[in-house]
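User: I would like to learn how to read some backbone and packing features in a model. Please take them one at a time.

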Amino acid sequence: MRFGSIIAFVALCSFTAYYIYEPIPEDIEERWKLMLTNSFFRSLSHLADLSELLGLKDYMGVMYFITLAEKIVPMSDEHIKVTEEQFDGVDVVLYQPKKSDGDTKLRTAVIYLHGGGWCLGSSLMSPYDLLARKIVNELDAVVLSVEYRLAPAYHFPVPYEDVYRVVKHFLHKGVLAQYSVDPGRIAVSGDSAGGNLAAAVSQQLQKEPGQQVQLKAQALIYPVLQALDLNTPSYQQNQDMPILPRYLMVRFWSEYFTSDRAFFRAMMANTHNSPESSSLLKFVNWSTFLPARYHRKYNYSAPTVVLGEEAFGKGGASRSLADPRASPLLAPDSALHSLPKAYILTCEYDVLRDDGIMYVTRLLSAGVEVTHEHYDTGFHGGLMFTVWPTDFLIGRRMTENYIKWLKENL
C-alpha cells in the first residue's frame, strides 16, 4: 500500500511538472513563475473549450472568470478621490487628486482603455486600479478609465463607439473645467485591445469637424492594430507563447467581429480576407514595414483572398476587416501626419510585436514624433502583472518607464 502511494505521488508530480512546463525562451526572467501563471490560463482555456463543446457556456463566458477574479470596488483614499460615473451613457471610473483649499491648479489627464481582447477585462480589475493610482500620484493627474461594453454580446463597432463617446464628452471645455484639467495636456492610452482603441480614437478625433480640444499624446502598450495578416513573423514565432497564444488572439479578433465560427476558422487559416480588405494589405506588408532583423527565417506571403461570401461570416465581418476604426494600421498616410506624439511599447515574445513595430515605422514616415520602447525579454500582458502572486519584475519596469514617459511628455 505504501509503495503504491509513493508511485501515485510520483506519477502525480510528474504529470503536474509535465503540464506546467513549457519551452519558454531562456532569456525571459522568472520563467517558472510565468509557466505557473500560464498553467492557470491554459487550464481555464481548456475548460472553456469543453464547456462550449458541451453547450454549457460559450468560450468567452468561461474565460471571463479572469476578469471576475480580479475585480475590486475602487475606493477613495487620503490622496485620491475615486468616483464611478457615466459619460454620455457609458460607465467610467474617475481618479482625481484630492485638492487642498484654494487649489486652482489645472492638471494633466490620462484617458485609459483596458485590454482583454475586447471580450475580457475591466477598469475595475485590481491591476488597472493600481496603475491608475500610480499615474495620479506620480503625475498629479486625473485618470479616466472607460468601462466599454464587450464582445461577444456587443460586436464591433460598439466597444469603439463607447470609447469615442466618452472621449468626445470628456474633451468638452466645460467638462474639463469641472475636473480642473488642462485642455492642452491630455493623453489617451491603453494596453493590447485598449491600445487598439486608443490608436483608433486618436485617428478619428483629428478628423472630427469643429473639435476644439485635441489630444497631446497617445501611449500604446503592446497594441493590436490589424486583422488582415495573422501570420506575421511575430504571430509565427510566438504562436505558442504564454498568456496570448495565436489561437487566443485570433479568437479575440473573430469574436470582436462576429460569433460565426466559420469566420474564426477562416482567420485561423489566414484565408479570411475579402476583395475589399485585400486592397489594404499594402499597409500591413511586413516585408516593407518591419525592420530586417525581425524577418528572421520567415518569408512574406500575401494572405489568401477568398471570393465566397460564406468565408467572411455574418453581420458585416468582411466590411469590418477593412475599417481603420477596427484596424488602425490600415489608415492611409494622409490620416497619420497630424496625429499626436506617440509612445509605443512592444515585446519580443508577443504575437502582436509586429503590429506595434509596423505602426512605429509608418508613424515615423508620416513625421509623427514616436518613442518606441521594445523589451527584448518581454511578453504580452507584462504591464498588468504587478499584483501578488503574479507580480513580475518586468511588469514593474514597464510601469516605471511608461509613467516616466507620460511625466516627460504631458
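User: Where is the place of P152?

Analyst: In this predicted model, P152 sits in the loop between β4 (142-146) and α6 (158-170). Most peptide bonds are trans. The bond from A151 to P152 is cis, with omega near 5 degrees. A cis peptide bond also joins F156 and P157, where omega is about 15 degrees; P157 too is in the loop between β4 and α6.

User: Which value of phi does D140 have?

Analyst: Most residues other than glycine have a negative phi. D140, not a glycine, has a positive phi of about 55 degrees. D140 lies in the loop between α5 and β4 and, at 22% relative accessibility, counts as partly exposed. R296 also has a positive phi, near 50 degrees. R296 is found in the loop between α13 (286-289) and α14 (317-321) and is partly exposed, with a relative accessible area of 46%.

User: What are the buried residues of α16?

Analyst: Among them are I394, M398, Y402, W405 and L406. The face turned away from the buried side carries the exposed residues E400 and E408.

Key: Residues are numbered from 1 along each chain as its sequence is written. This is a predicted model: local features need pLDDT of at least 70, side-chain atom pairs count only at pLDDT 80 or more; totals for chains, interfaces and linings use all residues. Side-chain values use heavy atoms; hydrogens and water are left out. Buried means under 20% relative accessible area, exposed over 50%, partly exposed in between (1.4 Å probe, protein chains only). Helices (H or I, at least four residues) and strands (E, at least two) are DSSP runs, numbered from the N terminus.
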